[in-house]
Every structure is written in structure tokens, then in C-alpha cells.
Amino acid sequence: MKLPRVLREQAKFYESKGFHIIDVEPRNGAHFLVKFAEFPEPQIVSKNGSDSRALHNNVAAYRRLKEKANETN
């Protein structure tokens, strides 16, 4: 899968935390619809979201979504 340049650093960070991007669709402006392998709900990610606090907040939310997906399976 080819990632847009603006999301590559974010993707590396998310992969280091155990979350793998499987699909990316551009949305309006600076946003992308991102699908992860670990949970079914797609997420809207901003290309301006490379702030370390935002990245860590996203990882925390993704962990909750992953736990929720594991409970339902």
C-alpha cells in the first residue's frame, strides 16, 4: 500500500505501537480516512496530527478500540 508522504511518519509511529494501516482514503482538506488491521472502525486522521501529544492520544484511543473489538469477537 502506498501511503501519502504526509502520513508516513505517523504510520511509522503507529506501527511501533502495534497498529498497522491497511487502507487510506483522502478526505476534505488535510484529512484522511484510515483503516487499521486491529479494529473495524475507520478513523479520520489529520496530516497535521504529528504533534506528539496527539499521536499518544490517538494510540490510547486505538487501544480502547482494539480491546472493544477483541471483546466482541
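Predicted model: local features only at pLDDT ≥ 70, side-chain atom pairs only at ≥ 80, totals over all residues.
A salt bridge here is a side-chain nitrogen of Lys or Arg within 4 Å of a carboxyl oxygen of Asp or Glu.

Residues are numbered from 1 along each chain as its sequence is written, and side-chain values use heavy atoms, with hydrogens and water left out.

**Salt bridges**

By the rule above, the count comes to 3 salt bridges.

| Pair | N to O distance |
|---|---|
| E9 and K12 | 3.6 Å |
| E25 and R27 | 3.5 Å |
| K35 and E25 | 3.8 Å |

Let us take E25 and its partners. K35 forms a salt bridge with E25. K35 sits in strand β2 and E25 in strand β1 (residues 21-26), so this pair ties together parts that are 10 residues apart in sequence. Through shared partners, salt bridges join E25, R27 and K35 into one network. Strands are DSSP runs of E with at least two residues, helices are runs of H or I with at least four residues, and both are numbered from the N terminus.

How accessible are these residues? For accessibility, buried means under 20% relative accessible area, exposed over 50%, and partly exposed in between, with a 1.4 Å probe and protein chains only. E25 counts as partly exposed at 28% relative accessibility. R27 is partly exposed at 42%, and K35 is partly exposed at 31%.

The pair E9 and K12 lies in helix α1 (residues 8-16), where the two are 3 residues apart, about one turn of the helix. Both E9 and K12 are exposed.

**A buried glutamate**

E38 belongs to the loop between β2 (31-36) and β3.

Q43, placed in strand β3, counts as buried at 17% relative accessibility. A polar atom of the Q43 side chain lies 3.3 Å from the backbone oxygen of E41.

**The surface**

K2, R5, R8 and K47 gather in a patch of positive charge on the surface. Such patches are made of residues with over 30% relative accessible area and no salt bridge, with like charges joined within 9 Å. K47 is found in the loop between β3 (43-46) and α2 (52-72), and K47 is partly exposed, with a relative accessible area of 38%.

Finally, R64 has its place in helix α2 and is exposed, with a relative accessible area of 54%. The C-alpha atoms of R64 and F39 are separated by 9.7 Å, although these residues are 25 residues apart along the chain.

Methods:
Patch = residues over 30% accessible without salt bridge, like charges linked within 9 Å, V, L, I, M, F, W, Y side chains within 5 Å. Areas by Shrake-Rupley, 256 points an atom, 1.4 Å probe, with all protein chains shown as cover. Lys, Arg positive; Asp, Glu negative; His and termini not counted. Charge placed at Lys NZ, Arg CZ, Asp CG, Glu CD. Polar contact = N/O pair within 3.5 Å; in protein donor to acceptor, adjacent residues only side chain to side chain.
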